[in-house]
Amino acid sequence: MAEIRQRQTATQRTASAAGGVPPAAAAPAPALANDDKNAKAAQQAKASEASTTLASNITLAVVSALGFITRVWMIHNPGEVVSPLSMSMSTPHATAPHSRFDEVHFGKFGSYYLRREYFFDVHPPLGKLLIALVGLIVGFDGHYLFENIGENYAENNVPYIALRLWCALCGAAIVPTVYLILREMGVSILGAAFGAMLIVVDNALITQSRLILLDSMLMFFCILAIYFWIKFYKQRHEAFSAKWWGWLAMTGVGLSLVLGVKMVGLFTVATIGIATIVDLWELLDVRRGLSLRQFVRHFSARALCLIFLPLVLYLVPFYIHFAILTKSGPGDAFMSLKFQEELIGNANTAGSVAVMFNANVTIKHFESKAFLHSHTHTYPLRYKDERVSSQGQQVNGYAHSDVNSLWTIEAPEVEHYPPAAEYKPTEQETERGVRYVRHGDLVRLHHFTTDSYLLTHDVASPLTPTNMEVTTVKGEAAVKRYNETLWRVEMTDGGDNEKLKSKKRRFRLVNLKHAVAVYSARKELLPDWGFKMQQTNGNKNLADKNNYWVVDKVQHERIVDGVEIGETQEPKEGGKLSFFQKFAELQGLMVHHNAMLTKPHPYSSSPGTWPFVINGISFWEKKDGLKQIYLLGNPVIWWMTIGLVGLYAGLWLVDRVCLRRGVDDFGENARRWWDRAIGFLFIGWLLHWLPFFLMGRMLFLHHYLPAFIFSVMLTAALVDFMGRVVLTRRAAATTATATSYTQWLGSARPSVLQYFVVLVLLAVCVGVFVWFSPLTYGTGFATVEDIRARRWIKTWNLQYS
């Protein structure tokens with residue numbers, strides 16, 4: 001020890017003699033060297049980041065260009081109206097709308113906007129408004145209504161390329177958005193490019209993006225909302241900053257956009273909603289150090305931007321919808337009569353008059369438009385199921401108005417029904433010598449030609465044993481059964497003392513004694529003995545929509561040329577419907593009619609078949625040149641993605657079991673990304689697919705496309721993860737060196753093997769895309785054998801195969 005001290009003293013003296021400083025004072029020299037090293041490392045990191053950014057931007061530009069090219073190439077072909085080949089058409093006046101996924105419908109809706117004629121559709125208006133806006137910009141006036149499948153666009157002067165181009169641009173925009181989402185999640189440039197390229201070369205996405213349809217807008221807005229959410233989530237460490245608020249608000253805007261195109265946008269809302277709940281749950285953890293006041297601020301901000309803001313913006317297209325469509329059109333019949341009153345030129349409400357007692361009227365079923373009708377023919381004694389009828393006079397629904405559809409409205413007589421107190425007429429009624437029928441009044445319906453009264457009784461109706469038979473009685477029987485001939489007039493939108501108006505007021509007739517309503521339905525047609533007319537009966541379910549009727553025509557001495565004497569014009573009652581009343585009515589009808597789309601279709605399919613591309617949809621065909629457009633996913637991509645989605649679910653379960661046994665093959669950082677990034681995409685895929693299993697309406701392959709995009713992003717992220725963790729075996733090393741999560745995300749570089757695997761997969765997918773491209777672009781085939789060669793599965797109903 002003494003020797004050491006002597007050596008230290010000698011060293012200090014030597015240093016002092018040499019004009020130096022003691023070691024303690026000389027310590028900054030190594031520190032300066034470290035600073036130089038750190039600065040150099042930071043400079044290198046900055047240069048590496050700049051290089052990575054440049055490479056990423058170049059990749060983004062390349063995949064975006066390829067996405068654009070694949071969507072717009074041959075967009076002029078075919079130059080005809082495209083629609084699924086076996087699609088049956090009908091007028092919206094007559095029936096509920098069919099499932100709509102073709103140019104016949106969405107092109108037509110754009111034309112109606114430009115003509116300002118009211119129409120009805122089961123989807124919200126945003127997507128159709130955007131199609132109409134494109135038409136307006138390019139000078140289209142809506143003169144063409146896209147009614148005839150296969151009709152030539154050029155011959156009818158329709159700017160169809162511009163309309164298709166807008167949809168194609170939305171489809172092309174999905175490609176860079178998917179790339180950016182994967183990059184924001186920490187996927188490498190190679191992995192993100194792989195995911196984007198799978199979108200580029202998928203035949204189904206291309207087909208659905210090249211026609212005048214809503215789906216490309218739906219998919220783009222869906223993915224855009226997801227991108228905005230991820231950008232917001234990455235700002236979580238800078239809460240309430242300008243960027244934080246900006247991305248949160250943009251997420252709300254994205255949700256309103258996707259919901260404004262189709263109601264299935266609710267699946268995207270649910271995806272982000274679950275992510276928000278998880279985020280708030282983590283913020284509530286006391287270990288995060290947030291006070292309750294701070295947590296309430298976080299909750300309020302999310303409620304404002306993710307609930308209130310989307311709801312407000314969702315209403316805006318509806319406001320524009322009502323503001324534009326002010327003229328009578330093909331959608332009038334779907335709406336309430338009060339709604340129709342405000343449409344210019346509406347024939348259903350023109351010439352409306354107040355209905356008075358002792359007037360002869362025709363009564364029309366609101367849904368089916370059949371007239372309440374009776375004649376001398378009676379119900380058969382026995383039906384085919386051996387049930388017995390009353391053999392009373394038939395009452396049914398007839399498609400045409402004739403003398404047998406004429407009924408006289410009579411007031412109840414106190415002599416036969418004492419509770420009917422003596423009526424006190426209003427001043428106007430006293431002056432005019434009439435009594436008007438009002439909401440809640442009791443009436444008797446006297447059949448004009450057979451001198452009998454409408455009645456229902458406890459006898460089963462012909463086609464519906466649970467409902468009561470409706471018939472008529474006359475003479476002494478009508479007096480003895482007086483209470484059974486009394487009906488209460490109940491208007492749907494009638495207030496106390498409000499007059500019943502012809503054409504404008506829906507009402508139901510509820511029997512006083514049996515409390516059943518007069519019911520009829522379009523599809524319930526009687527056999528030959530009933531002349532194929534609609535069944536009419538007494539319905540115990542008073543809320544049934546088929547219980548409602550309107551007075552069509554009124555005959556009375558005070559009515560001349562369709563106008564009551566003393567009325568220069570129809571008085572305005574109750575004012576106009578407010579925007580929110582119109583919105584509530586339309587939204588309810590959209591949900592109702594969407595659920596009613598149950599009619600079988602040759603190209604419908606079940607959700608369980610979608611990921612495996614069991615069925616497709618034939619959109620268009622032309623025998624000359626064996627041309628056709630057939631919606632079919634790139635089978636290699638679809639089968640690969642569903643396989644890797646299943647692999648992720650399986651590995652997730654295996655990892656949880658291993659953790660329970662104390663085995664950790666991933667490491668903390670790898671697992672965090674595995675759960676949060678890939679797990680989020682897995683939840684998105686589930687929420688955009690599983691709800692369809694609960695729907696009773698008919699469904700088609702294109703309903704799976706948003707879920708398919710999530711499966712593609714999951715595939716790209718999983719391939720990247722396997723290259724980062726499995727192939728390079730970095731998990732253990734990462735955990736051992738305690739690298740931070742952020743550093744771990746940026747530390748991995750794709751290996752040569754990973755590049756090879758990705759390039760091989762892409763080459764196969766591109767090859768399959770080219771193989772099926774004639775079905776995507778409708779370019780045709782040389783021989784029938786060429787078509788058959790592309791029918792890999794028997795359920796692919798390719799034309800001419």
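Setting aside neighbours within four places in sequence, R387 is in contact (heavy atoms within 4.5 Å) with L381, R382, A460, S461, P462, L463 and P465. This is a predicted model, where local features need pLDDT of at least 70, side-chain atom pairs count only at pLDDT 80 or more, and totals for chains, interfaces and linings use all residues. Residues are numbered from 1 along each chain as its sequence is written, and side-chain values use heavy atoms, with hydrogens and water left out.

R387 sits in the loop between β2 (371–378) and β3 (393–398); strands here are DSSP runs of E, at least two residues, and helices are runs of H or I, at least four, both numbered from the N terminus. A polar atom of the R387 side chain lies 3.1 Å from the backbone oxygen of S461.

Now the strands. β5 (residues 442–447) and β6 (residues 452–460) run antiparallel, joined by two bridges; pairing requires at least two DSSP bridges. H446 has Y453 in β6 as its bridge partner. Four residues separate the strands of this hairpin, and D451 has a positive phi near 50°. β6 also pairs with β7 (residues 468–473), antiparallel, over six bridges, with L454 opposite T472.

Last, the cores: buried Ala, Val, Leu, Ile, Met, Phe, Trp, Tyr and Cys residues joined through side-chain atoms within 4.5 Å. The largest has 158 residues, and W685 is one of those with the most contacts inside it. Helix α9 (residues 215–233) gives the most to this core, 16 residues. Apart from it lies another core, of 32 residues, including M356 and W549.

Conventions:
Polar contact = N/O pair within 3.5 Å; in protein donor to acceptor, adjacent residues only side chain to side chain. Buried < 20%, exposed > 50% of the residue type's maximum accessible area, 1.4 Å probe, protein only.
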